[in-house]
Amino acid sequence: MKTDPVLLEILSNKVTAATEEMGITLQRTGRTLYVKETADFGTALANLKGKFFAFPVGIGVAGFVDLDCAQTIATAGPLAPGDVIITNHPYASGGLATHTPDIQLVRPYFHGERIVAYGWSFIHSADIGGKVPSSVSPTNTELYQEGLLIPPMKIVKRGEMNADFLTLYGANCRTPDLNVGDIKAMLAALEVGQRRVSELVEQYGLDAFLVIQEDLIEYAELKAREALRQIPDGTYEFWDYLDDDMFSPVPVRIRVAMTVTDGRVHLDFSGSDPETLGPFNIVTLGRSHPWLTLRLLAYVYTRDPTCPVNSGVFRNVTVNVPQGTLLNPEFPSPAGVRAAPGVRCNDVLNGALAQALPDFMPGTPGGNIVPIVLVEPDDGGGKRRVTVIQFMVGATGGRRGSDGVDGRDPSFTNMANNPIETIEAEASAIVWEYGIRPDSGGAGEWRGGCGQTISFEVLRDGCALLGRGLERLRFQPWGLAGGCPGSPARIVLNLGKPNERKLGKIDVVPVNKGDVVTAMMPGAGGYGDPFRRDPALVLRDVKRGLVNRAAAERDYGIVIRDGHVDEPATAERRSDRVGSNAERMFGFGAERDAWEAVFDDARMNRMADRLLRMPKAARQLARQRVFAAVEPLLASNGGNACPPFADVLSDPAVSRKRLDAVLGELPE
Amino acid sequence: MSEKPTVEIGVDIGGTFTDVVCHAPGGPLRIVKIPSTPSDPSQAVLQSIAYMAETWAIKPAQVARFVHGTTVATNAVLERKGARIGVLTTEGFRDVIEIGRQMRHQMYSVILEPETPIFLAPGARRREVRERVGPQGEVLIALDEPSVLAAVDALVARGVEAIAVSYLFSFLNPAHELRTRELIESNYPDIVTSLSCEVDPAFREYERTVATAFDAYLKPVIDRYLARLEDGLTEMGVEAPLQVMQSRGGISASVTARKRPVRLFLSGPAAGVIGGRMVGRASGSDDLITVDVGGTSCDIALVNRGKALIRAEGRIDGFPVRVPMVDVNTIGSGGGSIAWIDGAGGLRVGPHSAGAEPGPACYGRGGGEATVTDASIVLGYLDANYFAGGRLRLYPELAHEVVEKTVAKPLGMTVEEAALGIHRVVNAQMAEGIRLVSIRQGFDPRTFALLPLGGAGPVHGTALARELKITRIIIPLHPGVLSAAGLLVAQIEHEIATAFPRPLADLEMDEVRAVLASLDERCAALMRAEAIGGEDASISYYADVCYIGQSYHLEIPVRLNDPDPLQCLYREFLTNHDRVYGHSTEAPARIVNLRSIHQARGADALTSADSTPVGENAVKKGRKILLAGHGWVEAAVYDRSLMPEGTGVDGPAIIEQEDTTTLIEPDWRAAVVRGGNLLVTTQG
């Protein structure tokens, strides 16, 4: 580093504060709830290569540090003072826009005739047109259905707003006024950035300002490297699944081989499934990308909270993301629900890190952030009232020395929930229960957290229920180091009544007056052998109603009588255990075990490799045929129609033989 | 016969010192710092009475007012020493306090900790009651009294001392909560209760439940503490009633404070802001940024047009507490902040601090890490022989040693460069913190005056102002005891709010008047309890207003004398919305809460007969100080206590006084103005 340590720290403070001031300005002047309340926006300063050297702490979306503005900047053409670039095009922006509702602005900051940095801001807009309101639907099958596509272009030219663009834009989204309001807020934020950058250049000189950008990145690189060096050298492989792709019951696999060499990390995603028909894809163009690497960022800051937050962290990281996989899809595959594979990538890296650092990493979290939405009938005027009844989440995994946290999600979205007293004032619904779901946390010496549960009654006819992004209905959040998996999600209509109906993964479900919807979110994975859990902690969980007595005896070997641990009975029960998974590094649960008894890693790697050699148009069909040939039920229309895999694949040897035959038919 | 009591006493308890300000009409303002007694803070307060009698010959019977700022509420939470409490909730909602709002503050971590105050009442001490009120206040399920009794029995069996009751929509229909209290009191008269419909009658059940639970958690602790203090004062012969500063910046009788303990969290900091406001007004500045630099942190607050900014919800130990409080923002930089070198060779300052023990290395109490104060010694800003008026001797050689060893050597710098580096870094941190606090409120800091307080504040004043492009700094006469002084000028204040969830359109003003009248009655009763009649109180009304569909509101004055108060309310809402949120549209708005505030007495300034120093020479022996961009320069040193009004001093200069040291950098000029305050200005 060229800058002296005092100036480095001073300027580090100043550029970070500048991005925070940009963020405050955006949030203060933004218009939509996405900006104001759920803080789904971002601001940062990028260097001349388009990489962030300053990123705000504590305001906006925290996870986008690894975004790259380079392609957006290059595509928009020569830039003049006062220009501002806009884009929402995942492919054309080089992965900067991670799905179409995320409107990205990049502004070159000039000093005289020279660009000295770039300001960046984004917001999640309420709607950008497309097939459905809010633009994102799990049944979209190509990018064009996900709304107006804006390749990198100038929304402001030399300080002059491109009015034609705004007219076109306004005509193509359902909430034009709010959207334009949010764009103005972003422009205001970028203006703040320009002012602060100019002040810094004047105060410290242009050279110092340019040098500091590189030094701050290098600084973060060095600090992160120290944290990453604490991962023992080696290659760690792990894979995990999305339940299905909405069009069949076949799980979607994400696989990583993480190789660590002296604090340098290589992530090879080979063996991951081909891009999905639905929008469960992450557009990365094969580069390092926040949705792939976020767990590493979290790891680094857990080890060293004083590391500067900027792209330097990722100078220690390289990736291989084969083209055609769901982590590097080809145009025009849709990407609207990229959060679902993003959350799963987080779990996959967690699994790889857990093998390297089993004493440090927790079991996997509930892996869900689902808005349960009630759509009410049109009362005239063409408007249907749409209310998010609740943003439902699971819980965090157990880890050595500590239970998971009940009812809290640790992944990247940071959505506030809605007060019950707001929901009932606004929606035709009454909530009867909102709390922690008992008995859902994975058993372990350190228990996985219990997920949330909600139960509400619909108060009028003709409504529709949405629950997009629901996952972990089949494969459970896994336990670690002998810990058990958390309970899978369940969503049920009229629970405990004669007309009870399991809903499973839902897109749109009609509901009427008197219907009671119960959504039970997954618990998280436990850590360590549950038979080694402190009996006092089991007793506490029983008294709090988080573990029932039968489960205490079955899962933990603790016998409780009259509010006390029956020690002789407990000793006997604990000495006499059958069928435990205490010896296993990971506790995946019955469904995943049944699945992998047939579709194991070697065979799935082979399949992925061969499918990727086929043209894009042929891949999905070929993949469907493979699974249908093994078992016709796997060609059902979505996961809800398919019985448990333990039943469907009850004779793994036969299924494997069929699989080998059909894999053999795929072109080499 | 004793003479008529006229002496006013303000006592503010800090972590290290208990500050006492004594004001007698016609006499000088007297101040003393007594070491705090953390195990029982009231001891230090009572010691102050003894000190006054001995040293100043002020008899307890002469005391007309005794006003107190306390950290007992905050400490009870920080140290988890509140009462063992239970929480009663509506059936189906016992986990509200556990789930919280779900947002998390630790964004970058693989390990998540709970961020809700579960410690107040873990699962087994939260019980559900069968009852349900709907969103219009209508009863959907009547209160099932046997379920209340069963729940209360279970909580009592678990040893609770207090119970918080928070049912859904109780702010619209409090009947079930009120009846629950009757049931508790008739069965367990010793159990203390807090009802959400009284503590925080507004929608959002999590925030309301937390405020109510904190109230119950504090009530037995505060009650015992204030009772002990009241008794102690009476025993010592003080007949004046004890008054306590509340978080909002107004004082109330101790008897009232004991019933509403959740309003005491910012008792101390609020007094500081009120003191700052007094000094600002005396110096002709109604727009102020007060910066209280302590040992471990610095508290930043804004005063706009003579009013301290109030926030509707604050944070205590990271937990939301929805009670109106002075908007004090804390950042982790202070005089005791430790400078350290991180793994990549960067110089960092804070957030760790040497605290009061062992304190900075120069205290000679075994502190082995370089702090900001140590750097100030190396740079010549502080005189080791005149720290705290010479009462605390400092060891400059220890400061040099530690800065050299822990900062200069590892970075390959001279000890002076290192010390300057520490100052520059901490000033940058504080300046950016101040900037963000004002920007969040929609204010440009350049239009404000900076008011550094706390013993460690004034040494940073000109550096911070320069960073912020602020051109006026006011250094109070006694910055080290400004909180205690603030206690004496604060008004007695009683504030009561109620939920009033109504759209502004087609709202009749008579309805609003009727609700405000009922709030007035309750405030007036509280005033009468302090022997203040209706004609002595000034009354103001506020409404919390938001756009329909928006969930955060702004507090807007209700002007009953305006020809069209509702229209006026709406207009002011739009103006405020534009300032705070950067835009406003003429969209429909609604009222969320109505609030009545009664205030009485209070003063703009403490009139004292400080004799203007004459004759003596305020100039002390000068010394060399090191300044960024100037190198070593010769600075004149002044004794502030000998500087008469009108004295002007050009930087570079050092002005010393018992409780602080002020650094005047070049290009700044300091002048003693009315009230003995120091106005520091630059042409910049």
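**Entry 1: a pair in the sheet**

I began with D102(A), which stands opposite H124(A) in strand 5 of chain A. This is a predicted model, and I keep that in mind throughout these notes. Strand 4, residues 102-111 of chain A, and strand 5 of chain A pair in the antiparallel sense, and I find ten bridges between them. I followed the chain from one strand to the other and came to a hairpin with two residues between strand 4 and strand 5 of chain A. One turn residue, G112(A), has a positive phi of about 65°.

Next I asked myself how strand 1 of chain A and strand 5 of chain A pair. Strand 1 of chain A covers residues 41-46, and its pairing with strand 5 of chain A is antiparallel, over six bridges. Here I noted that A46(A) has Y118(A) of strand 5 opposite it.

**Entry 2: the whole sheet**

I then looked up the sheet itself. It is an open sheet of seven strands in chain A, with antiparallel pairing and the order 2-1-5-4-3-6-7. Which strands are at the edges? They are strand 2 (52-54) and strand 7 (160-161) of chain A, each of which pairs on one side only. A reminder to myself: strands of a sheet pair through backbone hydrogen bonds, either parallel or antiparallel.

Strand 6 of chain A (residues 153-157) runs antiparallel to strand 7 of chain A, and two bridges join them. V156(A) has M161(A) in strand 7 of chain A as its bridge partner.

Back to strand 5 of chain A: is it enclosed or open? Ten of the eleven residues in strand 5 (residues 114-124) of chain A are buried, so the rest of the structure largely encloses this strand.

**Entry 3: where the two chains meet**

I turned to the interface. I find 71 residues of chain B in contact with 75 residues of chain A. The area buried between chain B and chain A is about 6,400 Å², and carbon and sulfur atoms give 56% of that.

How many salt bridges does the rule find across the interface of chain B and chain A? There are eight. I looked at a salt bridge between the side chains of E421(A) and R208(B), with N to O at 2.6 Å. For polar contact, the rule gives 24 residue pairs across the interface of chain B and chain A, with both residues at pLDDT 80 or more.

Then I asked which elements of chain B supply its side. Several each supply at least two residues of the side that touches chain A, including helix 7 (205-235), strand 22 (347-353) and helix 16 (565-581) of chain B. Helix 12 of chain B gives the largest share of that side, ten residues. By class, the side of chain B that touches chain A holds 32 nonpolar, 16 polar and 23 charged residues.

**Entry 4: charged residues in chain B**

I looked up D215(B), placed in helix 7 of chain B. D215(B) is buried, because its relative accessible area is 2%, and buried means under 20%. Leaving out residues up to four places away in sequence, D215(B) touches S194(B), V199(B), K259(B), R260(B), P261(B) and V262(B).

R104(B) sits in the loop between helix 3 and strand 6 (126-129) of chain B. R104(B) is buried too, at a relative accessible area of 4%. From R104(B) to T116(B) I count twelve residues in sequence and 9.6 Å in space, C-alpha to C-alpha.

**Entry 5: backbone details**

Two arginines have a positive phi. R204(B), in the loop between helix 6 (196-199) and helix 7 of chain B, has a phi of about 90° although it is not a glycine. R204(B) is buried, with a relative accessible area of 8%. R601(B) has a phi near 55° and lies in the loop between strand 28 (589-600) and strand 29 (619-627) of chain B. R601(B) is exposed, with a relative accessible area of 54%.

Last, I looked for cis peptide bonds. F331(A) and P332(A) are joined by a cis bond with omega of about 0°, and P332(A) lies in the loop between strand 11 (317-320) and helix 8 (339-356) of chain A. Another joins G651(B) and P652(B), with omega of about 5°. P652(B) is in the loop between strand 31 (648-650) and strand 32 (653-657) of chain B.

How values were computed:
Residues numbered from 1 in each chain as written. Chains lettered and ligands numbered in written order. Predicted model: local features only at pLDDT ≥ 70, side-chain atom pairs only at ≥ 80, totals over all residues. Heavy atoms only, no water. Buried < 20%, exposed > 50% of the residue type's maximum accessible area, 1.4 Å probe, protein only. Helix = DSSP H or I, 4+ residues; strand = E, 2+ residues; numbered from the N terminus. Pairing = 2+ DSSP bridges. Contact = heavy atoms within 4.5 Å. Buried area = accessible area lost by both parts, 1.4 Å probe. Salt bridge = Lys/Arg side-chain N within 4 Å of Asp/Glu carboxyl O. Polar contact = N/O pair within 3.5 Å; in protein donor to acceptor, adjacent residues only side chain to side chain. Nonpolar A, V, L, I, M, F, W, Y, C, P; charged D, E, K, R; others polar.
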